[in-house]
Amino acid sequence: MISGRSVLGLITARGGSKGIPGKNLLPIGGKPLIQWTIDAARASSYIDRLILSSDDIEIMEAAATGGCEVPFQRDAYLSDDTASSIDVVVDALQRVPGYDIVLLLQPTSPLRSTLDINGVLERLVSSDASACVTVCAAENHPYWTFRTDKNGYLLRYVDQSSTLPTRRQDLPEAWCLNGAVYAAYTRWLLENRSFLGTQTIAHPMPPERALDIDTPADVERLIAALQQRP
């Protein structure tokens, strides 16, 4: 609980990963990938209940062994390639109601820390926002991003009538979602059906903790990052 608000921590992990088969149970640093998220969440004193939403029995068993509650098995229609993450969150909130805040954590961000989780929750309750999500500075600034017309000529995505900065240090801030932590007031989320909106506030986090595991190359980067840790 934080500032009198109850918090439901939700880890979502479906089976059937195509890019990396068995991704959520992949052994990394001596434990399954999903365990990194479970450990970071369990270390937060703000989370009142930590649950898993999954369709996969092996993932459910591993999560339960690792200290995450598994109160239900997700329906198959919420685990195919067409299912949206917000539908999965809404389903979990309907099955496990009564919490003021929902915190979404995906196992594919294993380097996200308890500090990041707590920071999002603290920023949410200390502001007038309805949701808070983690971001990192954009690697490729939108001012320097282009599209092409039908003839292949370059066109800027931003207003071409204005003079744009040519030095990186003169660029305004630009942020990208990193998918590590999402939090929102439950009532607002159920009405908005998204963590993103005009009432969403950003919580910057270091890029070295924001690695998203989607390809075998990402796994190699994760292993290298862990080897460099003191």
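Reader: How do the residues of the lining of the second largest pocket divide into nonpolar, polar and charged?

Author: First, the ground rules. This is a predicted model, in which local features need pLDDT of at least 70, side-chain atom pairs count only at pLDDT 80 or more, and totals for chains, interfaces and linings use all residues. Residues are numbered from 1 along each chain as its sequence is written, and side-chain values use heavy atoms, with hydrogens and water left out. Ala, Val, Leu, Ile, Met, Phe, Trp, Tyr, Cys and Pro count as nonpolar, Asp, Glu, Lys and Arg as charged, and the others, Gly among them, as polar; the lining of the second largest pocket then divides into eight nonpolar, two polar and one charged.

Reader: Which element gives the largest share of the lining of the second largest pocket?

Author: A pocket is, on a 1 Å grid over the protein atoms alone, an open set of points where a 1.4 Å probe fits, with protein on both sides within 12 Å along at least five of seven lines; lining residues have an atom within 4 Å of a point. Elements are DSSP runs numbered from the N terminus: helices are H or I with at least four residues, strands are E with at least two. Strand S6 (131-137) and strand S9 (175-185) each supply at least two lining residues. The largest share, three residues, comes from S9.

Reader: What is the volume of the largest pocket?

Author: Grid points are joined across faces, edges and corners, and a volume is the space filled by probe spheres set on the points. The second largest pocket has about 260 Å³. The largest pocket holds about 520 Å³.

Reader: Which lining residues are the closest to the centre of the largest pocket?

Author: Helix H3 (residues 85-95) gives the largest share of this lining, three residues. The lining divides into eight nonpolar, 10 polar and eight charged. Of the 26 lining residues, the closest to the centre are Thr12, Arg14, Lys23, Gln106 and Thr108.

Reader: Is Thr12 buried or exposed?

Author: Thr12 is in strand S1. Contact means heavy atoms within 4.5 Å; beyond four places in sequence, Thr12 has contacts that include Ser53, Arg74, Val88 and Gln106. Buried means under 20% relative accessible area, exposed over 50%, and partly exposed in between (1.4 Å probe, protein chains only). At a relative accessible area of 15%, Thr12 is buried.

Reader: What is the relative accessibility of Gln106?

Author: Gln106 is placed in the loop between strand S5 (101-105) and helix H4 (114-126). Not counting residues up to four places away in sequence, Gln106 touches Thr12, Thr37, Arg112, Gly179 and Tyr182. Gln106 counts as partly exposed, with a relative accessibility of 22%.

Reader: Why is the pair of Tyr182 and Phe195 tilted?

Author: Rings of Phe, Tyr and Trp (its six-membered ring) pair if their centres lie within 6.5 Å; planes under 30 degrees apart count as stacked, over 60 as edge-to-face and the rest as tilted. The count comes to one aromatic pair. The ring centres of Tyr182 and Phe195 are 5.4 Å apart and their planes stand at 50°, so the pair is tilted.

Reader: How many residues apart in sequence are the parts that this pair ties together?

Author: Tyr182 and Phe195 are both buried. Tyr182 lies in strand S9 and Phe195 in the loop between helix H5 (186-192) and strand S10 (200-204), so the pair ties together parts whose separation in sequence is 13 residues.

Reader: Over which ring does the charged end of Lys31 sit?

Author: A charge sits over a ring if NZ of Lys or CZ of Arg is within 6 Å of the ring centre and within 35 degrees of the ring normal. The charged end of Lys31 is 4.1 Å from the ring centre, and the ring is that of Trp36.

Reader: Why is helix H1 largely enclosed by the rest of the structure?

Author: Among the buried residues of H1 are Leu33, Trp36 and Ala41. Helix H1 (residues 33-42) is largely enclosed because the buried residues number eight of the 10.

Reader: What is the phi of Arg193?

Author: Arg193 is in the loop between H5 and S10. Arg193 counts as partly exposed at 40% relative accessibility. Most residues other than glycine have a negative phi. Arg193 is not a glycine, yet has a positive phi of about 55°.
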